[in-house]
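Let's take a friendly walk through a protein model together. Keep the picture open beside you and look for each part as it comes up.

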Amino acid sequence: MRAYMKQYKFLGDYRLRNVFNRLIVSELKAMRCPIVVIPVNESTLQERGFNQVLGLCEGIQPVNCLRTRQGKKESRQSEKNRSQRLNADQPFELIDHESELIRQKTIVVVDDVYTTGTTIRHAAGLLYRAGARCVKGFTLAR
């Protein structure tokens, strides 16, 4: 899985999204819940050329209610140790105009890798504040 993620995320082999796409899309559709994909910051998007989580979920229409906080330049999760990850500041903000799509619903937050759970917890905290009834995490790898 490390080799896959390195090739897919860090070396930009976008074709590798197809390895897990069908399985991920099938599982997410079976959940019958709104899907929120963890966003990447603008510099990562420009450098990489794609959001790796959106690629894995191609075929699902996610709710676009989170974005990375503007003006917040932080090192990538892959560059942080466990302590730095656990103590990281909130990297996301809610896009207010989308909150009606999550109010009183069970939401599934999708990310590629679960290491400490901090990323999903940060997203879940915002979604709960926006009125989500329940937030579940879904990742490709742990």
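A few ground rules come first. This is a predicted model, in which local features need pLDDT of at least 70 and side-chain atom pairs count only at pLDDT 80 or more, while totals for chains, interfaces and linings use all residues. Residues are numbered from 1 along each chain as its sequence is written, and side-chain values use heavy atoms, with hydrogens and water left out.

Begin with the sheet. Helices (H or I, at least four residues) and strands (E, at least two) are DSSP runs, numbered from the N terminus. Strands of a sheet pair through backbone hydrogen bonds, either parallel or antiparallel. Here, three strands make an open sheet in the order β1-β4-β5, and their pairing is parallel. Because β1 (35-37) and β5 (134-141) each have a single partner strand, they stand at the edges, and one side of each has no neighbour in the sheet. On average, neighbouring strands of this sheet are turned by 30° against each other, direction ignored; axes are lines fitted to C-alpha atoms, for helices over the stretch in contact, and angles run from 0 to 180 degrees between N-to-C directions. Two strands count as paired if DSSP finds at least two bridges between them, and β1 and β4 have three, in the parallel sense. To find one on screen, look at I35, whose bridge partner in β4 is V108. Helix α6 (residues 118-129) packs on this sheet and touches β1, β4 and β5, and its direction makes about 155° with that of β5.

Now look inside. A nonpolar core is a set of buried Ala, Val, Leu, Ile, Met, Phe, Trp, Tyr and Cys residues joined through side-chain atoms within 4.5 Å. Buried means under 20% relative accessible area, exposed means over 50%, and partly exposed is in between (1.4 Å probe, protein chains only). The largest core has 18 residues, and among those with the most contacts inside it are V36, V109 and L127. Two or more residues come from each of β3, β4 and α6, with α6 giving the largest share, five residues. Which residues does L127 touch, not counting residues up to four places away in sequence? They are V36, C65, L94, I102, I107, V109, A132 and V135, where contact means heavy atoms within 4.5 Å. A second, separate core has 17 residues, including V53 and V110.

Next come the charged pairs. Side chains of opposite charge can pair when their charged atoms come close. A salt bridge is a side-chain nitrogen of Lys or Arg within 4 Å of a carboxyl oxygen of Asp or Glu, and the whole structure has five of them. One joins D112 and K9, with the closest N and O atoms 2.9 Å apart. Since D112 lies in strand β4 and K9 in helix α1 (residues 2-10), this pair ties together parts that are 103 residues apart in sequence. Is D112 buried or exposed? At 3% relative accessibility, D112 is buried, and K9 is buried too, at 14%. The side chain of D112 also makes a polar contact of 3.2 Å with the side chain of Q52; a polar contact is a pair of N or O atoms within 3.5 Å, and within protein one must be able to donate a hydrogen and the other to accept it, while residues adjacent in sequence count only if both atoms are side-chain atoms.

Another salt bridge links R67 and E93 at 2.6 Å, N to O. R67 is in strand β2 (residues 66-68) and E93 in strand β3 (residues 92-94), so the pair ties together parts 26 residues apart in sequence. R67 is partly exposed at 37%, and E93 is partly exposed at 24%. A further salt bridge joins E100 and R103 at 3.0 Å, N to O; E100 is exposed at 53%, whereas R103 is partly exposed at 36%.

Finish with the loops. Most residues other than glycine have a negative phi, and most peptide bonds are trans. R32, in the loop between α2 (17-31) and β1, has a positive phi near 55°, and R32 is exposed at 78%. Q104, in the loop between β3 and β4, has a positive phi near 60° and is exposed at 56%.
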